[in-house]
Amino acid sequence: MVARLFYGSPIDDDVNKLTAEDVPNHELDMSAALNFADKIRSKEYSAKEVARVLRKRLDSSNPNVQILVLSLADICVKNGGSLVQLEISAREFIDEVTNLLESKTGRDFELRQLVLRLIQEWAALFQGNNEMGYANGVLERMKRTGYTFPKLAMVASGAMTDTASAPEWEESPVCQRCRTAFTFTNRKHHCRHCGKCYCNDCSSNNTPIPKFAIYDPVRVCHGCYLRLKKIDSDSESLPSLPSAMYAQTSSARPAAVSSATATYAAPNVNDDDEDLKRAIELSLQESQARPNYADYTLPT
């Protein structure tokens with residue numbers, strides 16, 4: 001406690017650094033903000049303490065700092081898990097945000113539009129949850145008062161009501177794809193799209209996830225990478241193969257597997273996409289390594 005009084009907490013340090021007045025171009029560092037949300041999701045940082053520090057930081061007299069704080073709060077809502085959602089959807093935090101509209105800094109057009117947009121998005125996100133319903137009441141009250149909210153795009157609003165927050169992270173002692181045990185050297189990684197636990201080889205792809213407000217490339221597993229790139233596959237173990245790759249590999253695979261994959265349609269894959277090639281190759285190697293249980297007979 002004494003050390004905290006003199007030196008501050010790590011949460012204070014991170015928030016002050018991410019929302020400093022001298023941040024280049026007054027733009028939030030998305031990579032650092034996502035790492036901050038990761039610490040909340042993993043419970044390294046207390047969600048209640050994070051909400052308290054963000055609320056305190058909103059008292060700044062600089063509208064650029066307030067915009068950074070609200071942007072960081074939005075990243076935490078959509079990527080930090082249910083605990084921080086519960087804290088930010090509380091009356092104390094929502095009232096602190098809406099009070100910015102009546103303050104001197106609330107005259108700043110960009111800050112004002114951000115407040116209105118976040119209230120609208122958070123209300124849609126928390127809709128149907130009784131513990132987080134305060135934002136909906138605030139939204140309806142502000143509409144009756146005469147506030148004009150920015151129109152959200154249909155795609156954005158649909159994604160917001162469908163699944164606007166990243167899934168909770170799952171924990172496992174082994175990779176949930178190749179079943180390799182995690183060790184000191186074989187570290188575990190989480191896919192930001194599905195939340196499952198993978199080794200480095202099974203989650204070596206990076207791509208943005210706009211529906212989670214993640215616009216910079218982040219780590220995802222091979223299956224989610226293919227889905228996010230709109231490349232559909234009927235089976236992860238029997239992926240769709242380009243015709244050239246199929247011609248090279250069909251002779252080396254068992255006849256049963258070759259005849260099965262021959263019916264799959266080849267997707268339009270860019271040859272320059274090395275990550276996708278790696279995902280397909282790893283899936284192919286996995287399917288080759290599996291035994292053919294159809295040929296197995298019990299010993300007499």
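Q176 counts as partly exposed because its relative accessibility is 26%, where partly exposed lies between buried (under 20% relative accessible area) and exposed (over 50%), with a 1.4 Å probe and protein chains only. Q176 belongs to the loop between α10 and β1. This is a predicted model, in which local features need pLDDT of at least 70 and side-chain atom pairs count only at pLDDT 80 or more, while totals for chains, interfaces and linings use all residues. Residues are numbered from 1 along each chain as its sequence is written, and side-chain values use heavy atoms, with hydrogens and water left out.

- Apart from neighbours within four places in sequence, Q176 is in contact with E170, K196, C197 and Y198; contact means heavy atoms within 4.5 Å.
- Q176 and Y198 are 22 residues apart along the chain, and their C-alpha atoms are separated by 5.7 Å.
- R179 also lies in the loop between α10 and β1 (189-190).
- The phi of R179 is near 65 degrees, which is a positive value in a residue other than glycine.
- With a relative accessible area of 53%, R179 is exposed.

**Overall make-up and confidence**

- The protein has 14 helices and four strands; helices (H or I, at least four residues) and strands (E, at least two) are DSSP runs, numbered from the N terminus.
- Of the 300 residues in the protein, 42% are buried.
- Among contacts with a separation of 6 or more, 61% join residues 24 or more positions apart.
- The mean pLDDT of the protein is 76, and 70% of its residues reach 70 or more; pLDDT is the predictor's confidence in each residue, from 0 to 100.
- Which elements have the lowest and the highest mean pLDDT? Helix α10 (residues 154-163) has the lowest, at 41, and helix α4 (residues 47-57) has the highest, at 95.
- Over residues 1-6 the pLDDT stays under 50, and the model has four contacts beyond four places in sequence for them.
- Residues 293-297 also have pLDDT below 50, with zero contacts in the model beyond near neighbours in sequence.

**Helices α7 and α8**

- Two packed helices are described by the angle between their axes and the distance between the axes.
- The axes of helix α7 (residues 91-98) and helix α8 (residues 109-126) cross at roughly 150 degrees and come within 10 Å; these axes are lines fitted to C-alpha atoms over the stretch in contact, with angles from 0 to 180 degrees between N-to-C directions.
- That crossing makes α7 roughly antiparallel to α8, since angles over 145 degrees count as roughly antiparallel, under 35 as roughly parallel, 65 to 115 as roughly perpendicular and the rest as oblique.
- From α7, F93, I94, V97 and T98 meet V115, I119 and W122 in α8.
- By class, this contact has six nonpolar, one polar and no charged residues; Ala, Val, Leu, Ile, Met, Phe, Trp, Tyr, Cys and Pro count as nonpolar, Asp, Glu, Lys and Arg as charged, and the others, Gly among them, as polar.
- S103 sits in the loop between α7 and α8 and, at 27% relative accessibility, is partly exposed.
- S103 and S61 are 42 residues apart in sequence and 9.5 Å apart in space, C-alpha to C-alpha.

**The nonpolar core**

- The largest nonpolar core has 69 residues, of which F36, L70, L72 and W122 touch the most other members; such a core is a set of buried Ala, Val, Leu, Ile, Met, Phe, Trp, Tyr and Cys residues joined through side-chain atoms within 4.5 Å.
- Beyond four places in sequence, L72 is in contact with V15, L18, T19, L28, A33, F36 and L54.
- In soluble globular proteins, nonpolar side chains tend to be buried together.

**Around C224**

- C224 is part of helix α11 (residues 222-228) and is buried, at 0% relative accessibility.
- Not counting residues up to four places away in sequence, C224 touches C191, H193 and C194.
- The C-alpha atoms of C224 and H193 are separated by 6.6 Å, with the two residues 31 apart along the chain.

**Two further loop residues**

- K43, in the loop between α3 (30-41) and α4, has a positive phi of about 65 degrees although it is not a glycine.
- K43 counts as exposed, at 61% relative accessibility.
- G133 is found in the loop between α8 and α9 (134-145) and is partly exposed, with a relative accessible area of 31%.
- G133 and A123 are ten residues apart along the chain, and 7.5 Å separates their C-alpha atoms.
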